[in-house]
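I opened the notebook to record what I looked up, step by step. The entries follow the order in which I worked.

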Protein chains: 2
Amino acid sequence: MDRSALHKISYGMYVIGATREGEINGQIANTVFQVTSEPATIAVSINKDNLTHAFISDGGKFSVSVLAQSAPMELIGRFGFKSGRETKKFADVSYRRAATGVPILLDYTIAVIEAAVKKQLDCGTHTIFVGEVVDCDIIADGPCMTYEYYHSVKGGKSPKAAPTHQQDQPKEPATAKKRYVCSVCGYVYDPEKGDAEGGVAAGVPLEELPDGWVCPVCGSEKSVFTPE
Amino acid sequence: MDRSALHKISYGMYVIGATREGEINGQIANTVFQVTSEPATIAVSINKDNLTHAFISDGGKFSVSVLAQSAPMELIGRFGFKSGRETKKFADVSYRRAATGVPILLDYTIAVIEAAVKKQLDCGTHTIFVGEVVDCDIIADGPCMTYEYYHSVKGGKSPKAAPTHQQDQPKEPATAKKRYVCSVCGYVYDPEKGDAEGGVAAGVPLEELPDGWVCPVCGSEKSVFTPE
């Protein structure tokens with residue numbers, strides 16, 4: 001049994017939005033799929049520990065913003081590696097409230113879908129919510145981000161709450177300059193590559209990064225990084 | 001509301017295998033996803049009209065063969081556009097019976113997953129089956145076929161039973177030479193492109209195709225094609 005076989009399942013990358021009593025929240029998910037054509041229904045698997053799970057359970061509706069391939073790691077970190085219990089995830093990003101009140105991300109978004117929950121299935125750590133599509137639209141051109149692109153090109157990790165999380169993700173081989181791992185999200189700072197999105201050229205060791213530099217995935221400070 | 005937004009959800013392409021009283025069957029599905037990590041569970045949405053649905057309902061287990069990008073249209077047509085009630089789908093392909101008895105396709109397959117059904121959710125025309133992973137392995141290198149690749153590069157269509165089927169799929173603009181549609185599966189023969197997999201060069205009109213030529217998707221004879 002080789003559990004990496006499960007990584008051969010293809011996914012996209014989505015921000016799932018939800019609302020409860022006027023509050024809004026959102027999180028990254030890769031497990032969105034269409035269930036039926038008539039009527040159009042979609043499903044998403046959400047971890048019970050996530051605030052978005054509580055909001056969908058109580059609010060009975062959710063949105064899907066289909067992320068563009070160009071979505072930066074900071075955006076994915078904001079929605080994927082932080083909890084809505086501590087941060088206002090939709091602060092400082094463009095969004096709108098849909099007809100049902102759910103927030104819809106507009107930055108780096110190709111298509112948006114709004115759904116009303118019709119069924120749900122308890123699957124242990126996660127719940128599958130099945131929602132009837134209330135509205136949907138394409139709002140930008142360009143390729144969508146796939147889960148494979150996120151992992152292979154962007155170097156992204158799966159948070160512990162993700163269905164696809166693996167505890168024993170293989171470490172990459174050591175390089176001459178010291179690599180550091182973000183203890184919050186697992187992002188690896190590789191001095192050979194630098195951090196182009198954060199304005200850091202290749203060749204700069206972690207020790208020499210400016211104090212204001214933060215993890216491009218989850219926004220944590222340099223101090224939480226530990227040697228790989 | 002623009003339902004093409006639903007086409008921005010990313011999927012892979014899979015053959016779902018199932019067994020009942022010694023009989024075996026399989027079908028194409030794009031709606032496979034991992035639900036939980038511990039224990040590892042996966043879900044698939046299957047149309048109630050399909051024989052595979054009956055086999056999974058009765059047999060309580062299913063397999064997933066993750067198709068390679070190189071999988072030919074004939075293979076997809078065999079498993080996606082024909083019914084196991086009329087054809088033995090696993091005849092003439094390489095497969096093995098897994099420990100639980102489900103058939104696993106070995107041709108053009110990157111990874112295989114075997115699952116035992118733990119839960120199911122009635123979603124109208126379809127059922128979502130959630131299965132605990134019994135075994136899984138990677139059996140070949142190379143890229144997996146994505147649903148987008150199937151549609152955009154291979155020119156594939158969605159059968160009526162698929163969750164992602166759209167009745168009003170837009171027609172492509174008319175071309176100088178006459179295009180013909182397969183009345184069984186919706187495949188469009190475009191003489192400007194020919195049928196490279198069937199050994200037909202670009203520029204050959206349908207009328208001049210050899211009598212033995214069959215639809216590369218579903219295997220139907222030339223006589224079922226009608227002008228677009």
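Entry one: salt bridges between the chains. I counted two salt bridges between chain B and chain A. I looked up one of the pairs, and it joins the side chains of A:Arg3 and B:Glu38, with 3.3 Å from N to O. I note here that the model is predicted.

Entry two: the rest of the chain interface. I counted 18 residue pairs in polar contact between chain B and chain A, both residues of each pair being at pLDDT 80 or more. For contacts of any kind, I found 50 residues of chain B touching 50 residues of chain A. I then looked up the area. The size of an interface is often given as the accessible area lost when the parts come together. Between chain B and chain A the buried area is about 4400 Å², and carbon and sulfur atoms give 66% of that. I asked which three residues of chain B supply more of its buried area than any other three. They are B:Lys8, B:Phe33 and B:Gln34, which supply 16% of what chain B buries against chain A.

Entry three: the domains of chain A. I found chain A divided into domain 1, residues 10-149, and domain 2, residues 176-228. Their centres, taken over C-alpha atoms, are 29 Å apart. Eight residues from domain 1 of chain A and six residues from domain 2 of chain A make the contact. The two domains bury about 540 Å² between them, with 61% from carbon and sulfur atoms. On the domain 1 side, A:Met73, A:Phe81 and A:Lys82 lose the most area, together 76% of what that side buries. The domain 1 residues that touch domain 2 divide into four nonpolar, one polar and three charged.

In soluble globular proteins, nonpolar side chains tend to be buried together. The largest nonpolar core here has 130 residues. Beyond its neighbours within four places in sequence, A:Phe62 contacts residues including A:Ile16, A:Ile42, A:Val44, A:Val102 and A:Phe129.

Conventions: Residues are numbered from 1 along each chain as its sequence is written. Chains are lettered from A and ligands numbered from 1 in the order in which they are written. This is a predicted model: local features need pLDDT of at least 70, side-chain atom pairs count only at pLDDT 80 or more; totals for chains, interfaces and linings use all residues. Side-chain values use heavy atoms; hydrogens and water are left out. A nonpolar core is a set of buried Ala, Val, Leu, Ile, Met, Phe, Trp, Tyr and Cys residues joined through side-chain atoms within 4.5 Å. Buried means under 20% relative accessible area, exposed over 50%, partly exposed in between (1.4 Å probe, protein chains only). Contact means heavy atoms within 4.5 Å. Domain bounds come from an automatic or database domain assignment. Buried area is the accessible area (1.4 Å probe) that two parts lose on being put together, summed over both. Ala, Val, Leu, Ile, Met, Phe, Trp, Tyr, Cys and Pro count as nonpolar, Asp, Glu, Lys and Arg as charged, and the others, Gly among them, as polar. A salt bridge is a side-chain nitrogen of Lys or Arg within 4 Å of a carboxyl oxygen of Asp or Glu. A polar contact is a pair of N or O atoms within 3.5 Å; within protein, one must be able to donate a hydrogen and the other to accept it, and residues adjacent in sequence count only if both atoms are side-chain atoms.
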